[in-house]
Amino acid sequence: MAMMSKTKNMLEGLVREGSFKWGIGRRSSLDAEVEEMMNGSPSGRRKYISELSPAANVVIGQCSRILDVSMEELQSNFGKEASDSLKSPSRYARSFLEYCCFRALAISTQDTNYLSDKVFRRLTFDMMLAWEAPSASSQPVLKVDSESTVGGEAFSRIAPAIPIIADLITCADLFDVLTALTGGRLPISVYEKYLGGLERAMRKMKSQSESSLLSGIRSPGRERILDVDGTVTTQPVLQHVGISTWPGRLILTDHALYFEPLKVVSYDKAKVYDLADDLKQVVRPELTGPWGTRLFDKAVLYKSTTLSEPIFMEFPELTGHARRDYWLAIIREILYAHRFIRKYQIKGIERDETLSKAVLGILRLQAVQELTSSRSLRCEALLMFNLCDQLPGGDLILEALASLTLSRELDRASHSTAGSGMYSMSASAILSNLGFLSQDDESRLLVGEIVVGEMTPLEKAVKDSRNSFKKVEVAQATIDGVKVDGIDTNLAVMKELLFPITELTKHLHHLVSWSDPLKSTVFCCLTAYIIFRGWLCYAFVMVLLFLAIFMLLTRFYNQGRSIDEVKVRAPPTMTTVEQLLEVQNAISQVQEFVQDGNITLLKLRALLLAALPQATDRVAMALVLMALVIALLPTKLLILWLFLELFTRNSPPRRASTERWTRRLREWWFSIPAAPVVLERENKEDKKKK
């Protein structure tokens with residue numbers, strides 16, 4: 001009772017001071033609601049819950065009015081449905097708040113115009129504010145006004161409960177984009193602009209899907225048109241096939257890609273590129289240009305088993321390739337969604353749910369493009385299937401998503417989750433309420449990915465992947481920081497990094513060359529004894545253990561210290577012309593190396609096919625002797641013989657004979673002819689026919 005009185009006094013002070021403001025559109029109604037809770041309403045719906053903060057009480061009061069259920073009844077229902085862990089004092093306030101929010105949102109989103117409703121927008125934002133401070137002991141007390149902002153954790157918990165606003169996998173990236181200019185906190189003004197963009201994107205998709213576009217090609221209602229490009233003459237879409245180019249209109253649906261070549265005053269019959277069937281499709285960014293040249297990085301390549309050659313969709317723009325990147329991302333999103341469906345054999349309503357997730361992701365991307373510069377926007381980060389293709393552990397996220405989808409099918413069969421307020425809404429239910437899918441009883445039984453007060457396997461997979469991605473980002477930042485320009489500078493850095501290996505190589509070469517006979521003799525005897533005793537594997541084990549111990553000791557003594565920088569003496573600065581000459585020299589050396597390799601292979605081919613019978617006989621006899629030695633000698637003796645043969649060939653007793661045999665072998669190799677090669681070039685006329 002003392003806490004109840006204290007909280008009421010605090011609430012009265014907030015109202016009296018005018019610091020508990022809720023925006024112009026709802027201030028009077030919410031102030032009345034606060035007063036009703038404090039004074040006690042005869043209706044019983046304005047009960048004040050002592051365990052909750054003032055903000056949470058007001059939000060739950062609003063949920064109570066939407067559900068037409070008293071707060072006492074909501075508490076009672078929560079007590080029946082929630083587990084004991086959710087009802088513990090430390091978790092009760094937030095869990096009960098989520099329960100009321102999920103139930104109220106399920107009712108609010110049944111209105112087809114809820115995105116344009118200012119009351120709905122403010123309510124969802126207030127839910128996030130209340131989530132940050134749900135209990136009576138939450139500090140500080142929220143000051144809810146036009147300057148209030150929401151944090152990423154609250155957004156990631158409430159926003160995915162309405163799949164059109166966010167989804168679990170991409171909500172963190174979406175929040176980062178929305179708060180890029182507001183210091184990592186989401187204000188109500190940006191949130192409302194984002195919802196306004198979503199509303200316009202939904203209306204656009206609905207009007208396009210109901211239009212006469214693609215009439216006669218697709219069955220009515222089978223596909224939803226997600227975007228159209230190329231209708232403006234100043235921004236055409238160019239399709240390249242071979243050396244031919246056609247301007248036209250590009251249309252993406254949730255099943256296929258359509259390109260309609262432009263005629264004089266209309267469009268020709270559309271060419272269909274199916275994204276739903278398993279046709280081994282490849283979609284990637286590509287360079288293209290007029291007459292088959294590779295000049296501009298503004299195209300998307302598409303190829304499949306149904307095409308004899310790949311096609312290129314070019315998106316010309318004056319600077320950058322943001323337009324291409326957007327189309328590449330949304331095409332891949334549909335393609336990856338269908339791959340996910342095929343891989344996990346998802347059918348029926350669950351299949352529609354999966355496609356609905358991809359569709360809603362594209363709509364969110366279109367809404368965000370109105371708020372931020374398209375050139376700085378990473379489109380793939382806001383599309384769940386694109387993101388899973390890039391995130392470390394993205395395959396585990398998709399596995400968790402598939403398991404959740406299969407569990408929904410079991411829930412549908414048992415009807416165990418029907419009417420439950422413990423789950424968020426599903427993507428299919430959202431689109432059904434907006435008129436994009438047929439409304440049926442089964443679709444209402446689909447539930448979302450968020451459960452009140454709990455972290456689902458999907459959320460755990462996303463969290464683990466995000467943590468791994470942060471490590472990758474930190475590592476990538478170090479990589480970007482050590483990149484240097486110029487061939488000469490990179491070679492200098494590489495030389496410094498390989499210094500220990502080059503020094504070790506020098507010592508080994510010093511031993512093999514017998515420059516110091518005493519050291520070479522000791523090394524030879526010691527190594528030969530190790531091989532003869534069969535201790536070679538133990539020697540490798542000792543080397544590995546030495547490296548492991550060195551790394552652990554270094555880790556122990558360098559805790560909290562940064563890694564020592566690699567100091568490199570920078571070479572003299574080279575001009576652009578000098579660098580180009582250096583590249584040309586490197587290419588020439590590579591070409592010579594490839595030529596020598598080809599000559600070696602051609603000579604071996606000549607020996608194999610007996611182009612020089614006498615040399616072939618010698619090689620055959622040598623191979624027979626090698627086979628006998630390998631078959632008859634024990635492995636350790638064979639290794640010992642190879643070691644002594646290679647290591648002692650430059651020793652003083654053997655040096656003269658080694659030089660003589662090496663010279664004879666070189667002369668013999670030079671005498672072997674290369675197998676002939678004939679180059680057949682393709683005629684230009686044949687190429688044009690293809």
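Which helix gives the largest share of the lining of the largest cavity? Helix 11, residues 348–369, does, with five residues. The model is a predicted one.

## Cavities

Three cavities reach 30 Å³ or more.

By class, the lining of the largest cavity splits into ten nonpolar, two polar and five charged residues.

Are the two partners buried or exposed? Both arginine 364 and aspartate 167 are buried.

## Salt bridges at helix 6

The structure holds 25 salt bridges. One of them joins the side chains of glutamate 199 and arginine 121, at 3.5 Å from N to O. Here too the pair links distant parts of the chain: glutamate 199 belongs to helix 9 (residues 188–209) and arginine 121 to helix 6 (residues 118–132), 78 residues apart. Glutamate 199 counts as buried because its relative accessibility is 19%, under the 20% cut-off. Arginine 121 has a relative accessible area of 11%, so this residue is buried.

Helix 6 also holds glutamate 132. Glutamate 132 forms a salt bridge with arginine 185, and their closest N and O atoms are 3.1 Å apart. Arginine 185 lies in the loop between helix 8 (171–178) and strand 2 (186–187), 53 residues from glutamate 132. Arginine 185 counts as partly exposed, at 32% relative accessibility. Glutamate 132 is partly exposed as well, at 28%.

## A salt-bridge network

Salt bridges can also link into a network. Glu98, Arg157 and Glu459 are joined in this way.

## A buried glutamate without a salt bridge

Glutamate 314 lies in strand 10 (residues 311–314). What is the nearest side chain of opposite charge to glutamate 314, and how far away is it? It is lysine 298, 7.4 Å away. Glutamate 314 is buried yet has no salt bridge, because a salt bridge needs the nitrogen and oxygen within 4 Å. The side chain of glutamate 314 does make a polar contact, at 2.6 Å, with the side chain of histidine 240.

Notes:
Residues are numbered from 1 along each chain as its sequence is written. This is a predicted model: local features need pLDDT of at least 70, side-chain atom pairs count only at pLDDT 80 or more; totals for chains, interfaces and linings use all residues. Side-chain values use heavy atoms; hydrogens and water are left out. On a 1 Å grid over the protein atoms alone, a cavity is a set of points where a 1.4 Å probe fits but cannot get out, and a pocket is an open set with protein on both sides within 12 Å along at least five of seven lines; lining residues have an atom within 4 Å of a point. Grid points are joined across faces, edges and corners, and a volume is the space filled by probe spheres set on the points. Helices (H or I, at least four residues) and strands (E, at least two) are DSSP runs, numbered from the N terminus. Ala, Val, Leu, Ile, Met, Phe, Trp, Tyr, Cys and Pro count as nonpolar, Asp, Glu, Lys and Arg as charged, and the others, Gly among them, as polar. Buried means under 20% relative accessible area, exposed over 50%, partly exposed in between (1.4 Å probe, protein chains only). Lys and Arg count as positive and Asp and Glu as negative; His and the chain ends are not counted. A polar contact is a pair of N or O atoms within 3.5 Å; within protein, one must be able to donate a hydrogen and the other to accept it, and residues adjacent in sequence count only if both atoms are side-chain atoms.
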